[in-house]
Amino acid sequence: MTGSSIPRRAFLLGAGSVAAVACVAPERDLLEPYEDGVLPLEPGTAPPTTGVPAEGDPTTTLAEDLPPMERLRASVPAEDRPGLSFVARVKPDVSEVVVEASPGDGVAAFTFANPIASGGDLVFLVEDYDGIGHYRVLLPTRPNGSTGWFAVDDVALLRHNSAILVELDAFRLTVSDHDDTVLEVPVGVARDNAPTPRGRYYTTELLQPPEPDSVYGAYANGLSGFSEVFTQFRGGPGQLGIHGTNDPGSIGTNVSAGCIRMRNDDIAAIVEDLKVPTGVPVEVI
C-alpha cells in the first residue's frame, strides 16, 4: 500500500525443484524495498455508520436497512463497486492488534504484531463489518481460513478492485480488475506430496530479490495461507507465496512445495504494469 516497502521476512515459497525436499527461504539481506499502491476509501478512512449518501457522489444510495457491510460497499461510487475489496492497514502507532472471536467480547483469539516480523505493514482483508466499530477480517495464521474481529480505530480502511484466481488442476492464474480479466497466465504448482491447500487467502506482503535470476525470480508475494505439510522450513513458518522463478521450464508442472510459481515477465506485469496492491483476495481452487 502507499508508503509501504517490501517486507524482509523469510517464508516458505514454492521454489524447490522436483528433486528438492522443500522450498528455500529468501535471505533478508537479499531483499529490497518496493512501493505499491492502493486507493484510500473515499470520502475518508472512516466507514459510514448512518444512511447518509457519500458527499459528492450522486450515484450513491445508502439505505438504513442495509446490512452494515453492504452499507459500507454502497459508500463507494457505483463504478468502483465491481470486484471491490476492503483492506484494513494497521496504523503505524499501533504495535499490537488483538483479534477477538466475537466483536467486542474482550477475549483475545489471536494477537498480531505491527509491523510484521519483516518490517512491513500488517494488513488484513476485510470480510464483514458490524456497523458499530469492528471489522471481521481474514487472518494470516493457521488454521487456514481463520477470521476474527477487531476495532476500526486500530486501522486505516483502504479499497481496491483486484483479485487473483489460481486453478491448480489447470496450472492457471488469472488476475481480474473490476471483475474483468486483465491477465491469464500458466503457472507451476505444488507436488502431490506437498499440495497447496485450496481456499481463500490474500496477499500479505511483497518481496523483491535484487537479482531476477534467484529462485524467487523478479518478485514474490506472501499469502495469508500456510502449508499443511511443513510447519516450518529454514527459518520460515511455512507461509505460502506467489513468486517468479529462475526455472521457466517448470511452469505448467507440479514442482513446488506449496507455492505458485510464475514466469518472471508475468509476475512483473502484475506488480509493475497492473500495479496489483497488497491485500488482494486470492482464491485457490
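This is a predicted model: local features need pLDDT of at least 70, side-chain atom pairs count only at pLDDT 80 or more; totals for chains, interfaces and linings use all residues.
Reader: Why is His-134 called buried?

Author: Residues under 20% relative accessible area count as buried. His-134 has a relative accessible area of 18%, and therefore it is called buried. This residue is found in strand β6. Leaving aside neighbours within four places in sequence, His-134 is in contact with several residues, including Glu-100, Asp-128, Trp-149 and Phe-150.

Reader: What makes Glu-228 exposed?

Author: The term exposed requires a relative accessible area over 50%. Glu-228 has 64%, so it is exposed. The residue lies in the loop between β14 and β15. Not counting residues up to four places away in sequence, Glu-228 touches Asn-144 and Pro-197. Its C-alpha atom is separated by 7.9 Å from that of Ala-194, which is 34 residues apart from Glu-228 along the chain.

Reader: What makes the contact of Arg-263 with Asp-266 a salt bridge?

Author: The reasoning again rests on the limit of 4 Å. The closest N and O atoms of Arg-263 and Asp-266 are 2.9 Å apart, so this pair also qualifies. Arg-263 counts as partly exposed at 35% relative accessibility, and Asp-266 counts as buried at 10%. A search of the whole structure finds six salt bridges.

Reader: Which parts does the pair Glu-283 and Arg-200 tie together?

Author: The side chains of Glu-283 and Arg-200 meet in a salt bridge, with 3.1 Å from N to O. Glu-283 lies in strand β18 and Arg-200 in strand β13, so the pair ties together parts that are 83 residues apart in sequence. Glu-283 has a relative accessible area of 29% and is partly exposed; Arg-200 is likewise partly exposed, at 31%. Salt bridges that share partners join Glu-127, Arg-200 and Glu-283 into one network.

Reader: What makes β9 and β18 a parallel pair?

Author: Strand β9, residues 162-167, and strand β18, residues 281-284, share three bridges in the parallel sense. At least two bridges are required, so these strands pair. Ile-164 has Val-282 in β18 as its bridge partner.

Reader: Why are β11 and β17 said to stand at the edges?

Author: Eight strands form an open sheet in the order β11-β10-β9-β18-β13-β14-β15-β17, with mixed pairing. β11 and β17 each have a single partner strand, so one side of each is left without a neighbour in the sheet. In the case of β17, two bridges join it to β15, and these strands run parallel. There, His-243 has Arg-261 in β17 as its bridge partner. Helix α2, residues 264-273, lies across β10, β11, β13, β14 and β15, running at about 155° to β11.

Reader: What makes a set of residues a nonpolar core?

Author: Its members are buried residues of nonpolar kinds such as Val and Phe, joined through side-chain atoms within 4.5 Å. The largest nonpolar core here has 28 residues, and Phe-86, Val-97, Phe-124, Val-126, Tyr-135 and Phe-150 have the most contacts inside it. Several elements each supply at least two residues of this core, among them α1, β2 and β6. The largest share, five residues, comes from β5.

Reader: Which residues does Phe-150 touch?

Author: Not counting residues up to four places away in sequence, they include Val-97, Phe-124, His-134, Tyr-135 and Val-155. A second, separate core of 27 residues includes Val-185, Val-187, Leu-206 and Ile-270. In soluble globular proteins, nonpolar side chains tend to be buried together.

Technical notes:
Residues are numbered from 1 along each chain as its sequence is written. Side-chain values use heavy atoms; hydrogens and water are left out. Helices (H or I, at least four residues) and strands (E, at least two) are DSSP runs, numbered from the N terminus. Buried means under 20% relative accessible area, exposed over 50%, partly exposed in between (1.4 Å probe, protein chains only). Contact means heavy atoms within 4.5 Å. Axes are lines fitted to C-alpha atoms, for helices over the stretch in contact, and angles run from 0 to 180 degrees between N-to-C directions.
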